[in-house]
Amino acid sequence: MMGMMMHRPLRIIDILAHAAEITPQEGIVSVTPEGLHRYTYPDALARAAQLAHALVAQGIVQGDRIATLAWNSHRHFELYFAISGMGAVCHTINPRLSDEQLIYILNHADDRILFLEPEFAPRIASLADQIPAEMTCILLSDTPDQTDTETDITVYETLLSGQPTQYDWPDLPEDTAAALCYTSGTTGVPKGALFSQRSTVLHAMMVPLSQTSSFRAGRRAMPIVPLFHANSWGLPYTAPLMGMTLVMPGAALDGASLWSLMEAEQVYSAWGVPTVWAGLLAEIERRGRPPAGFTDMVVGGAAMPHSLSVAYENHGISVSRCWGMTEMSPVGGRGTPSPDIATLDLDARLAIQTNAGQRCFGVDFKLIGDGGRIVPHDGHSTGELHVRGNTVISGYYNNPSATAAALDAEGWFATGDIASVDPQGRLAIHDRTKDLVKSGGEWISSIDLEDIATAHPGIDSCAVIAVPHPKWDERPVLVAIAATDTPPDLATIQAHMAPHLAKWQLPDDVIYVDTLPLTATGKVSKLALRQQFTDYLLPDLR
């Protein structure tokens, strides 16, 4: 028998409408090239309505893809809600991608409009003959003269000017496409994850249920993670839903800029990647204290060095790690300390809460080992992690071959992560399948080696890659940036790592470099390192 309940489709625009009604005093503080901009959620809803009217006037219809090439700002927030609210697809693009990737993505998505920061206009102009000819470009600005390109280009504020501040948002089917994010393409061409109205709203409700420390009505949340990186981990939806003001930092993500903005705006919770936290810690130590009111920090994108977590905890800031993927909307696991670990000492507690976290409600985990066997969730057995849930993609946008490779026969998504899961759903990521080192038939986790190596005071940051070996197949090599004028030699590094590893797991060499290559999302590119050291010979082979 069917339940006798109403069925209302889940709509993204209802999140902003709810925030405007229930917490009208909250809103967005935004760093823009014109200065600091402040307004409330009712203001944001009115401007989203103006933008929706303007898009209709531009000929946009439901299902059209509309691209953004933009930093974290109030205008980017308006684009999120207006585009999906009217039934079109908000396609966020990472400006750190190569020209080749940018051209591929714009053409693959067949974007109708591109909203872009003025600073990116010259780059787009230089690619004009390789991107969709019919695509309109609109500058995210209030004046047209901030670019060297032709001045007849449309400007965002002019587009909105004079449009009505009310819009009759359509009752869309909840499986209507709403947002499109492409993975950074570390293997092959970038692949598109197409989120629905339903999956996005469920994700917005699911994350605060799990990441309980971060959400307090009336407090301020800062998404340092870009809005073009997996929808800023959902914060543009979760923060207004939970009655929090968003503080958008714009383009300046250096430690000094962030510290000053967080101090001035009393940011309570901030979300970002480890490289950002390293920069902010340097500024905290320079000033002798953290920004006032800052007590909740969420890490994602990569594992946080233990020493960095300890330093923040010692400053009274709770550190937790969210784990996920673009393909998961993106949060799948969270590290908010649960009551059962609150009494543990700092090291033991951090080992749990800065791991990949416990699975969120609505996300299921499955581990698959050699030969397709199911691996038990016992906390130490490892296999490739597969996930499923209402916020996990069922395929890549217009890419059947990538879809076939990513989903198993039961429809679970294969993450490419080698992981273990404990009986309480706590996830530990041991490596990416392609970053493991296979030595003499045994697997070595590059992540484990990196974590131990960075604990040495002479190592600033590092990456472990596999290099060929005629006897052992592959051996690990440490590529590192030194933290001291006289870098520690291989014997010193091996002695430091030896208590934590078997002898055969220790790196066979250490190579010091000035910089480590990064992917477009700020992670160390193992692919680029492997290419860089293709012809490298280990010491015992020279």
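## Salt bridge between Glu174 and Arg198

In this predicted model, Glu174 and Arg198 are joined through their side chains by a salt bridge, with an N to O distance of 3.3 Å. The pair connects distant parts of the chain, since Glu174 belongs to the loop between α6 (156-160) and β8 (177-182) whereas Arg198 sits in helix α7 (residues 197-210), 24 residues apart. Glu174 counts as buried because its relative accessibility is 14%, while Arg198, at 30%, counts as partly exposed.

## Further salt bridges

The structure holds 27 salt bridges. One of them pairs Glu283 with Arg286, whose closest N and O atoms are 2.8 Å apart; these residues stand three apart in helix α10, so about one helical turn separates them. Glu283 is buried at 7% relative accessibility, whereas Arg286 is exposed, with a relative accessible area of 60%.

Glu410 and Lys366 likewise meet through their side chains in a salt bridge, at 3.0 Å from N to O. Because Glu410 lies in the loop between α13 (400-406) and β20 (413-421) and Lys366 in strand β18 (residues 363-368), this pair ties together parts 44 residues apart in sequence. Here Glu410 is exposed at 62% relative accessibility, and Lys366 is buried at 9%.

Within helix α9 (residues 255-265), the buried residues are Gly255, Leu258, Trp259, Leu261, Met262 and Glu265. The elements that cover the buried residues of α9 include strands β1 (27-32), β2 (35-40), β10 (220-223), β11 (245-248) and β12 (269-272), together with helix α10 (274-287). Just after α9, Gln266 adopts a positive phi of about 55°.

How values were computed:
Residues are numbered from 1 along each chain as its sequence is written. This is a predicted model: local features need pLDDT of at least 70, side-chain atom pairs count only at pLDDT 80 or more; totals for chains, interfaces and linings use all residues. Side-chain values use heavy atoms; hydrogens and water are left out. Buried means under 20% relative accessible area, exposed over 50%, partly exposed in between (1.4 Å probe, protein chains only). Helices (H or I, at least four residues) and strands (E, at least two) are DSSP runs, numbered from the N terminus. Contact means heavy atoms within 4.5 Å. A salt bridge is a side-chain nitrogen of Lys or Arg within 4 Å of a carboxyl oxygen of Asp or Glu.
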